[in-house]
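Hello,

Here is the structure I promised to pass on to you.

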Amino acid sequence: MSEKKTERREFLFTATYAVGAVGVAAVVWPMVDQMNPDASVKALASTEVDVSSVEPGKAITVLWRGKPVFIKRRTPEEIAEARAVKMDDLPDPQKDEDRAKDPEWLVMLGVCTHLGCVPLNDKGDYNGWFCPCHGSHYDTSGRIRKGPAPTNMEIPKYEFVNSNIIKIG
Amino acid sequence: MSDHEYVPKSKFGKWFNDRLPLLTLSNHLTDYPTPKNLNYWWTFGGILTFCLITQIVTGLTLAMHYIAHADLAFESVEHIMRDVNYGWLIRYIHSNGASMFFLAVYIHIFRSLFYGSYKSPREMIWIIGIIIYLLMMAAAFMGYVLPWGQMSFWGATVITNLFSAIPFIGEGIVQWLWGGYSVDNPTLTRFFTLHYLIPFLILGLVVLHIWALHVPGNNNPIGIDIQKPSKDTVPFHPYIVIKDGFALLMFMIVFAFFVFYSPNILGHADNYIEANPMVTPPHIVPEWYLLPFYAILRSIPDKLMGVIAMLSAILILAALPWLDTSKIRSAVFRPLYKQFYWILVLDVIILGYVGAMPAEGLYLLVARVATAYYFIHFLIILPILGFKEKTMPIPLSITEPVLQDLSTIKKESLN
């Protein structure tokens, strides 16, 4: 009989701990989740940019979700240079064709994939971008070539609304 | 620890103390037996307490005028500097106070390394100290973000991006830290909250740090266990109080020099430019007290490994009581350790220097060598040294060498 009682008590303990743990988790999660991007931040998900005034060889920087986006109108030489690179030479192999839907326009997040600085245009050993913080070099396709950054600069979701307007996001 | 039972003299004191033994505590603190050979390197505990109180008091007053909002923060800091009565003074004390705090804590830590204060039975004091140090770095980093200048913004960006090195969940963690897709207003408000909270956590840990200290009592320059109370000890009050007080005055002269004569020398001019998410300043460097770790981060060409190395450089300190296998505490009796100690000091200074320089060419090479040596010191040299080193004989008490000297003098005078 006493054995039965112990079993019952153990069951009650386990059940209490389990319900308690669920209760604690239910209270902790809102406390954690409140720090995630809120509805107003998520609402600013897309930006439209008029690129009609950008000359070939020039780049503009626009702000999207608080981050700079580079929109570069590349010259034929820059496109040729980006497409001539062998995949074996790239730390993060990716074809230029996959990065620029329209080869003339390169649209990418102007954020170094190392620790988030903004790289400088027309700098570095590969005629693309150079990050002043920790010395990452990117080519004319925004791909990492040298330095501590692990991956190429990210391409955001974007589309041409018409020939002059790009919608990012 | 004083073992005698304390009884307050007055009737009210006795009544009060029976219900809340605060007078027993204060009696313990005043009578607390302290080794009589403590040198000035031991005064930095008191100096650090002063630094913490200074940061809390000036921080509270600054918070009465500061506005934690991305659009207003920068302006509100300028408002403090120009309009608020003595705002410039309070802010300069607070910003230079952070540097003074770290200066004192580094001396305090290196004191402990030299005299082996982290060894048994004082491991808990040491580990609590490392936690305090980590919290200090977190508080200093978040405090530096609050003025919302260029260095604030980009420092915050770089440091929070360290978490993106974590495989798979890194990106999610970074966005959770930011409360958005970049460092922005939500980041600023939460950093302000945490910057406000951490000093009080530190205060609590300081109480534990001192509590843990009062169990075995202070280590001392010759690192031997002493009888307490005995001929080798003096009561904390007035002997140590007056010594700590004098050292604190000296320290305050240095502090005041920075505040009044070169309040911006330890900062960066870029932080007087308002945060701009479109432009990164050409040369990002953290505050001087984080430079050695920054150098370690940059010396490793892989992102994840760099972050791991940087964190390990700090966390390795927590394992120090077990990495150092020597039973002898004080470097005074460890001729080899004493040399390696000074090489380590030099190594950390070199790391700090190259951390401030661009990460290329010779600087990068030096940073790599210095980083490697830092880990070699803790992981290879210290464990082996405990077995190989021939230590010098240690005295049995603090007074023994002095009495020996006296007896030789007596003998000589007799001859």
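This is a predicted model: local features need pLDDT of at least 70, side-chain atom pairs count only at pLDDT 80 or more; totals for chains, interfaces and linings use all residues.

Chain A first. Its secondary structure consists of four helices and ten strands, and read from the N terminus the order is α-α-β-β-β-α-α-β-β-β-β-β-β-β. The radius of gyration of chain A is 25 Å, well over the 15 Å that the globule rule gives for 169 residues, so chain A is more spread out than a compact globule. Its C-alpha trace spans about 90 × 35 × 25 Å along the principal axes. Of the 169 residues, 37% count as buried. If you look at contacts between residues at least 6 apart in the sequence of chain A, 51% of them join residues at least 24 apart. Carbon and sulfur atoms account for 56% of the accessible surface of chain A, which comes to about 9600 Å². Chain A has 22 positive and 24 negative charges, and their mean positions are 6 Å apart.

Asp122(A) sits in the loop between strands S5 and S6 of chain A and Lys72(A) in strand S3, so the pair ties together parts that are 50 residues apart in sequence. Asp122(A) is partly exposed, at 48% relative accessibility, whereas Lys72(A) is buried at 3%.

In chain B, Arg82(B) and Glu78(B) form a salt bridge at 3.0 Å between the closest N and O atoms. Both belong to helix H4 and are four residues apart, about one turn of the helix. Here Arg82(B) is exposed at 66% relative accessibility, while Glu78(B) is buried at 17%.

Another salt bridge links Arg334(B) and Glu389(B), at 2.8 Å from N to O. Each partner lies in a loop of chain B, and the pair ties together parts 55 residues apart in sequence. Arg334(B) is buried at 0% relative accessibility, and Glu389(B) is buried at 9%.

The residues Arg122(B) touches include Ser117(B), Pro216(B) and Arg329(B).

Best wishes

Technical notes. Residues are numbered from 1 along each chain as its sequence is written. Chains are lettered from A and ligands numbered from 1 in the order in which they are written. Side-chain values use heavy atoms; hydrogens and water are left out. Helices (H or I, at least four residues) and strands (E, at least two) are DSSP runs, numbered from the N terminus. The radius of gyration is taken over C-alpha atoms; the globule rule is 2.2 Å times the number of residues to the power 0.38. Buried means under 20% relative accessible area, exposed over 50%, partly exposed in between (1.4 Å probe, protein chains only). Contact means heavy atoms within 4.5 Å. Accessible areas come from the Shrake-Rupley method with a 1.4 Å probe; for residues, only the protein chains shown count as cover. Lys and Arg count as positive and Asp and Glu as negative; His and the chain ends are not counted. The place of a charge is taken as NZ of Lys, CZ of Arg, CG of Asp or CD of Glu. A salt bridge is a side-chain nitrogen of Lys or Arg within 4 Å of a carboxyl oxygen of Asp or Glu. Lists of a residue's contacts leave out its neighbours within four places in sequence.
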